[in-house]
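Let's take a friendly walk through this structure, with an eye on its helices and a few charged side chains. Here it is to look at alongside the text.

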Amino acid sequence: MNEAFIFDMDGVLLDSESLYDKCWLLACKEFDVDEKEALALRMACLGKTEGECIKALEKKFASKKDFNAEAFYKRTDDLALDSDCPPKPFAKEVLELLSAKKIPFCLATSSNRDSAKKMLKGAGLLSFFNKDNSLCADDYENMPSKPKPDIYLAACKKISFLPQRSYAVEDSPAGIESAVTAGLKAIMIPDRLEPNDFCLRKAWKILPTLKDLL
């Protein structure tokens, strides 16, 4: 099989979204900001880079003069990194199968490398990835976030596979748009966000769980 798989991390390999919800709620109490507004913003920031999330926080809570968006975001990250994030069901089995069949795969995440390594280690998945088959937000300066195609084009280049010979496994509409625009066959396994019209029209497959990918 002369094809490769490229995986998003949060919501695909890691059950991190519910963990980050709890961390944002804890940070809201510490920073005295409205929980509903903060969680709504978090949903809007799914798949965005750290810098983009901080800018969105600054804009959202601009009227709160003592609010430090960067400190808030760092606190949510610290809280998450202090907790073990469970893998999504069948994540390990999928990666083991690809490894056994010698099918190339790569990680493409908007998380920074240090954060991604710690989260993957806590989930028991770090052994499947190294610098040769993973792409993180801080690997390239000013990497545009999804739905821009840049991260998938860079991931394909990293593992020396044409986009047309690669599958992207994603959980969000922004991720699907990123992969499709880059020329990959996009497989959506929804987590928090349901498929939108673009996903329904353009995704190669929409599957219920990683088990169906096996």
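Helices (H or I, at least four residues) and strands (E, at least two) are DSSP runs, numbered from the N terminus. This is a predicted model, in which local features need pLDDT of at least 70 and side-chain atom pairs count only at pLDDT 80 or more, while totals for chains, interfaces and linings use all residues. Residues are numbered from 1 along each chain as its sequence is written, and side-chain values use heavy atoms, with hydrogens and water left out.

**Two aspartates in one loop**

Start with the loop between β1 (4-7) and α1, where you will find aspartate 8. Aspartate 10 is found in the loop between β1 and α1 as well. Are these side chains buried or exposed? Here, buried means under 20% relative accessible area, exposed over 50%, and partly exposed in between (1.4 Å probe, protein chains only). Aspartate 8 counts as buried because its relative accessibility is 7%, and aspartate 10 counts as buried because its value is 16%.

Contact means heavy atoms within 4.5 Å. Leaving aside neighbours within four places in sequence, aspartate 8 is in contact with Leu13, Leu107, Ala108, Thr109, Lys146, Tyr152, Val169, Glu170 and Asp171. With residues up to four places away again not counted, aspartate 10 touches Ser16, Glu17, Thr109, Ser111 and Asp171. Serine 111 is 101 residues from aspartate 10 along the chain, yet their C-alpha atoms are separated by 8.6 Å.

**Arginine 113 and the polar contacts**

Helix α6 holds arginine 113. This arginine counts as buried because its relative accessibility is 10%. Beyond its neighbours within four places in sequence, arginine 113 is in contact with Asn130, Lys131, Ser134, Leu135, Cys136, Asp138, Asp139 and Lys158.

A polar contact is a pair of N or O atoms within 3.5 Å; within protein, one must be able to donate a hydrogen and the other to accept it, and residues adjacent in sequence count only if both atoms are side-chain atoms. The table lists side-chain pairs of this kind.

| Side chain | Partner side chain | Distance |
|---|---|---|
| Aspartate 8 | Lysine 146 | 3.1 Å |
| Aspartate 10 | Serine 16 | 2.6 Å |
| Arginine 113 | Aspartate 139 | 2.7 Å |

Which residues make the contact between α1 and α2? Helix α1 (residues 16-31) and helix α2 (residues 35-44) pack at an angle of about 145°, with axes 10 Å apart. From α1 come Glu17, Tyr20, Asp21, Trp24, Leu25, Cys28 and Lys29, and from α2 come Glu35, Ala38, Leu39 and Arg42. (Axes are lines fitted to C-alpha atoms, for helices over the stretch in contact, and angles run from 0 to 180 degrees between N-to-C directions.)

Next comes α4 (residues 69-81), a helix of 13 residues. Its N-terminal end is capped by asparagine 68, with a side-chain oxygen 3.1 Å from the backbone nitrogen of glutamate 70. The buried residues of α4 are Ala69, Phe72, Tyr73, Thr76, Asp77, Leu79, Ala80 and Leu81. They are covered by elements including α1, α3 (50-60) and α6 (113-122).

In helix α7 (residues 150-158), the buried residues are Ile151, Tyr152, Ala154, Ala155 and Cys156. Their cover includes β1, β2 (105-108), β3 (134-135), β4 (166-170) and α8 (173-182). Just after α7, serine 160 takes a positive phi of about 60°.

Terms used: The expected span of a helix is 1.5 Å times one less than its number of residues.
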